[in-house]
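Subject: Structure for you to look at

Hello,

Here is the structure I said I would send.

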Amino acid sequence: MAGSVGFLSGEEMKGKLNVHFTGEEGVDAGGLTREWFSLLARDMFNPNYALFRREGAKSEFNHPNPLSSINPEHLHYFKFIGRIIGKALFDGQHLNAYFCRSFYKHMLGRRCVTADAESIDPTLYNNLLKMLQYSLEDLGLELTFSTEVDEFGMHRIEDLIPNGRTIPVTDANKHLYVQLICQRKIVGGIQQQLEAFLSGFHELIPPALISIFDDKELELLLSGLPTVNLEDLKANTDYVNFLPTDQTIVWFWEVSAVV
């Protein structure tokens, strides 16, 4: 079924989807379609296929892999994934996957900002914020306008601006450095992947149609509400003017468990 999608035009993909699994009986009343999207999402965003990698504090977000070119057909697959995500959005199907904030903005054609790097690499982002709050001398940092890139275990220096490796970062220009590092983290090495993805996505979802949403609304439409680990939330809740044993608090957790 997934293979045949690649031979359909964007207009043909807007038609009703009827799923039938080979060797299984059953009429698709919606459940088979949901399962089909779920199975596709599991494979499309599997880090072992090197198309996407997991980012975020708990590796909870998917982000295009800058090293996806290890697969010579990677751009073809990104276009295919763009079509599948477009089809899911067109049909009102949720994917069992969440993306970094910047990826939703790419789908919307919105400009990414420095803060969008936080969902990709929160440790790096917090360290950059410290750079802006304190002097480089106090932090013991000696930097240039360059960054080290790891490609399959091989390290190389990449300039953020022309001859950046020879230009020192100072307290006067560190805001530019932070901006460039965050921009590198958000789109560095994935421009071709994004273009291929969007070419497939826009076959079903024209930019004008989706531009009415913001990134949080798109996340809700595409990914649905995230599953909350209630026990983890309960264990990490701080109470002010209440005790965990107070009746109001007990009722709150009982209602939350039902919802």
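This is a predicted model: local features need pLDDT of at least 70, side-chain atom pairs count only at pLDDT 80 or more; totals for chains, interfaces and linings use all residues.

Where in the protein is confidence lowest, and where is it highest? The mean is lowest in helix H1 (residues 2-5), at 55, and highest in helix H9 (residues 191-201), at 96. Over the protein, pLDDT averages 86, and 87% of the residues score at least 70.

The rest of this note is about helix H8. H8 spans residues 174-187. Its 14 residues reach 20 Å from the first C-alpha to the last, close to the 20 Å expected at 1.5 Å a residue. After H8 comes glycine 189, which has a positive phi, near 80 degrees.

One partner of H8 is helix H6 (residues 122-133): the two axes come within 10 Å and cross at roughly 170 degrees. Angles over 145 count as roughly antiparallel, and H6 and H8 are therefore roughly antiparallel to each other. H6 contributes Leu124, Tyr125, Leu128, Met131 and Leu132 to the contact, while H8 contributes Lys174, His175, Tyr177, Val178, Ile181, Cys182 and Lys185. By class, the contact has 9 nonpolar, 1 polar and 2 charged residues.

Within H8, the buried residues are Lys174, Tyr177, Val178, Ile181, Cys182, Ile186 and Val187. They pack against H6 and H9, and also against strand S2 (61-64), helix H5 (101-108), helix H7 (136-139) and strand S3 (146-151).

Regards

Key. Residues are numbered from 1 along each chain as its sequence is written. Side-chain values use heavy atoms; hydrogens and water are left out. Axes are lines fitted to C-alpha atoms, for helices over the stretch in contact, and angles run from 0 to 180 degrees between N-to-C directions. Helices (H or I, at least four residues) and strands (E, at least two) are DSSP runs, numbered from the N terminus. Angles under 35 degrees count as roughly parallel, over 145 as roughly antiparallel, 65 to 115 as roughly perpendicular and the rest as oblique. Contact means heavy atoms within 4.5 Å. Ala, Val, Leu, Ile, Met, Phe, Trp, Tyr, Cys and Pro count as nonpolar, Asp, Glu, Lys and Arg as charged, and the others, Gly among them, as polar. pLDDT is the predictor's confidence in each residue, from 0 to 100. The expected span of a helix is 1.5 Å times one less than its number of residues. Buried means under 20% relative accessible area, exposed over 50%, partly exposed in between (1.4 Å probe, protein chains only).
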